[in-house]
Each structure stands twice: as C-alpha cells, then as structure tokens.
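Visitor: I would like to learn how to read a model like this one. Where do we begin?

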Amino acid sequence: MKNRLRVLRAERAWSQAEVAERLGVSRQTINAVETGRYDPSLPLAFGLARLFAHPIEEIFDPDGAGPRAEDPAG
Amino acid sequence: MIDSPRNPEAETAPAPWWAWCGTRELTATDRRNLRRFNFWALAWMAAWVAATFAVRFWGERLGPAAWLLAAVPILLGVAAIVSYWQFLRHADELLRLIQLEALALGFGSGAVFMVSYRLLERLGAPTLDTSDPLLVMVVAWAIGQWLAARRYMGGGRG
C-alpha cells in the first residue's frame with residue numbers, strides 16, 4: 001500500500017525517529033510503512049493520521065496507484 | 001521534541017536486518033521486556049543444567065528432594081514463557097510480526113521434523129533423542145527471524 005508519509009514528514013522536517021517516538025513504535029516500523037514493505041495496523045494508521053492531521057485516506061492509498069496529493073489529475 | 005525542525009532524511013535509511021539482534025532499534029518497552037525474558041530464559045537454562053547434574057549424580061541421595069529440584073527449572077521455564085508472551089503482546093507491531101513469522105517457521109519445522117523423522121528412522125536413519133526436535137525448532141526460529149527481518153527491514157538498502 002502506497003502512502004504519503006515521506007512527503008508529510010518532509011513538510012514538517014521530522015525524522016523517522018521523532019515520528020516513531022511520538023507514536024510509541026520503533027523507527028524501523030515507520031521506515032517499513034513509509035517504504036511500503038509493511039501495512040500498519042489500524043491503531044497505528046489512526047495515530048499517523050492524527051499526528052499529521054490528515055484523514056487516513058489522504059495518507060494511504062489502498063489501490064496502490066500512487067500518492068493522491070502528488071497526482072496532478074487529482 | 002517533535003516540533004523542532006530537523007533533517008528528515010538524516011535517519012531514513014532502514015537498519016540492516018541484523019539490527020534487531022541488538023537492542024538499539026528496539027523501543028524502550030521492548031528493550032525492558034526483552035531483558036526480562038532473557039533473564040528468565042537464562043535462569044531456566046542454568047537451573048536446568050544444575051538440576052540435571054544434581055539428579056544424575058546425587059539423585060538417590062537426595063530422595064524426594066530430587067523431585068523438588070526438578071520442579072525448579074519447570075517453574076523458571078514457565079516464567080520464561082510468560083515473560084516472552086508479555087514481550088510479544090506489548091511488542092512494537094513490526095517486531096511482533098517478525099516474531100510471529102519466525103515462530104510459525106520454528107514450530108512448523110519442529111512438528112514436520114518430529115513426524116517425518118520417525119519414517120526416516122524406519123528406513124535406517126540414526127535414532128535421535130526425543131529432545132532433538134527442539135534444536136530444529138530453535139534453529140528454524142532463528143532462520144525465520146532472519147528471513148522476516150530481511151523482508152520488512154530491506155536488508156540494509158535504502
């Protein structure tokens with residue numbers, strides 16, 4: 001599942017470690033989610049949504065078609 | 001703090017698959033729970049070795065106390081199981097997935113080995129001790145951790 005975590009994190013200049021610490025998970029978990037190797041649990045997905053103040057569907061793309069916000073077609 | 005601007009690319013590289021062999025990549029909770037499990041597991045092994053020697057060499061002299069002595073490693077073993085259970089229940093979710101996949105490989109390999117080797121014994125393979133499948137389980141568990149960590153942690157590539 002693709003996601004916009006890297007972009008959202010870059011916008012805020014947060015490191016993976018900072019996001020991980022805030023959510024109580026390991027940095028490797030954030031890295032694995034970010035790189036699409038691992039789909040997060042529902043609580044972690046909600047935690048990420050709350051942290052970045054975006055709805056889950058704006059962060060994660062279940063169709064794997066690519067990050068929605070970066071798609072110029074909308 | 002989370003609000004302080006920092007370079008987001010500074011810590012983005014996945015750690016190599018073996019990073020979780022140490023504790024640097026673990027959360028504080030996982031580190032604490034893993035230390036607790038390691039303590040009970042070591043205590044269990046030490047008690048098992050001590051009880052085995054004691055029963056073997058002084059078993060008759062100890063009398064009924066030998067039963068009590070044999071019960072000590074069992075109790076410590078149960079403590080180790082409970083501590084591993086707690087470690088797993090509270091573990092970071094990726095670490096828990098890696099452990100789950102490793103346990104599946106370990107348990108499955110041990111079960112298949114245990115059942116299949118009986119057939120091989122009938123065909124002339126050397127007879128094994130009843131505790132030998134445990135070795136297969138532990139080795140397969142370790143291999144499972146390596147495979148799962150490589151899969152989710154990317155083998156150190158960016």
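Guide: Begin with a term. Two residues are in contact if their C-beta atoms, placed from the backbone, lie within 7 Å. Keep in mind that this is a predicted model. Now take helix H1 of chain A, residues 5–12. Its buried residues are covered by elements of chain A that include strand S1 (2–3), helix H2 (16–23), H3, helix H4 (42–52) and helix H5 (56–59).

Visitor: Which residues of helix H1 of chain A are buried?

Guide: Burial rests on a count: a residue is buried if 20 or more other C-beta atoms lie within 10 Å of its own. In H1(A), Leu5(A), Leu8(A) and Arg9(A) are buried. Viewed down the axis of H1(A), these buried residues fall within an arc of 100°, so they line one face of the helix.

Visitor: What is the overall layout of chain A?

Guide: Chain A has five helices and two strands. Along the sequence the pattern is β-α-α-α-α-α-β. Of its 74 residues, 36% are buried. Take contacts in chain A between residues at least 6 apart in sequence: 55% of them join residues at least 24 apart.

Visitor: Is Ala13(A) buried, exposed or partly exposed?

Guide: Ala13(A) is partly exposed, because 15 other C-beta atoms lie within 10 Å. Now turn to Ala53(A). Its phi is also positive, about 55°, although Ala53(A) is not a glycine. Ala53(A) lies in the loop between H4 and H5 of chain A. With 8 C-beta neighbours inside 10 Å, Ala53(A) counts as exposed.

Visitor: Which residues does Ala49(A) touch, leaving out those up to four places away in sequence?

Guide: Ala49(A) belongs to helix H4 of chain A. With that exclusion, Ala49(A) touches His54(A), Pro55(A), Ile56(A) and Ile59(A). Ala49(A) has 16 C-beta neighbours inside 10 Å, so Ala49(A) counts as partly exposed. Ala49(A) and Pro62(A) are 13 residues apart in sequence, and their C-alpha atoms are 15 Å apart.

Visitor: Let us move to the other chain. How many helices and strands does chain B have?

Guide: Chain B has four helices and zero strands. From the N terminus, its elements run α-α-α-α. Chain B has 158 residues, and 20% of them count as buried. Among contacts in chain B with a separation of 6 or more, residues 24 or more positions apart account for 73%.

Visitor: Where does H3(B) bend?

Guide: The bend is at Ser116(B), by about 25°. After H3(B) comes Gly124(B), whose phi is positive, near 115°.

Visitor: What do the buried residues of H3(B) pack against?

Guide: Those buried residues are Leu94(B), Leu95(B), Ile98(B), Gln99(B), Ala102(B), Gly106(B) and Gly110(B). They pack against helix H3 (27–34) of chain A, together with helix H1 (28–62), helix H2 (65–89) and helix H4 (132–153) of chain B.

Visitor: How is chain B divided into domains?

Guide: The assignment gives domain 1 (28–91) and domain 2 (92–158). Their C-alpha centres lie 22 Å apart.

Visitor: Last, confidence. How should I read it?

Guide: Where pLDDT is low, the predicted coordinates should not be read in detail. Chain B averages a pLDDT of 85, and 82% of its residues score at least 70. Over residues 1–5 of chain B, pLDDT stays under 50. For those residues the model has four contacts beyond four places in sequence. The model scores ipTM 0.81 and pTM 0.78.

Notes: Residues numbered from 1 in each chain as written. Chains lettered and ligands numbered in written order. Predicted model: local features only at pLDDT ≥ 70, side-chain atom pairs only at ≥ 80, totals over all residues. Buried ≥ 20, exposed ≤ 12 C-beta atoms within 10 Å, placed from the backbone. pLDDT = per-residue confidence, 0-100. Bend = angle between axes of the 7 residues up to and from the residue. Domains from an automatic or database assignment. Arc of directions from axis to C-beta.
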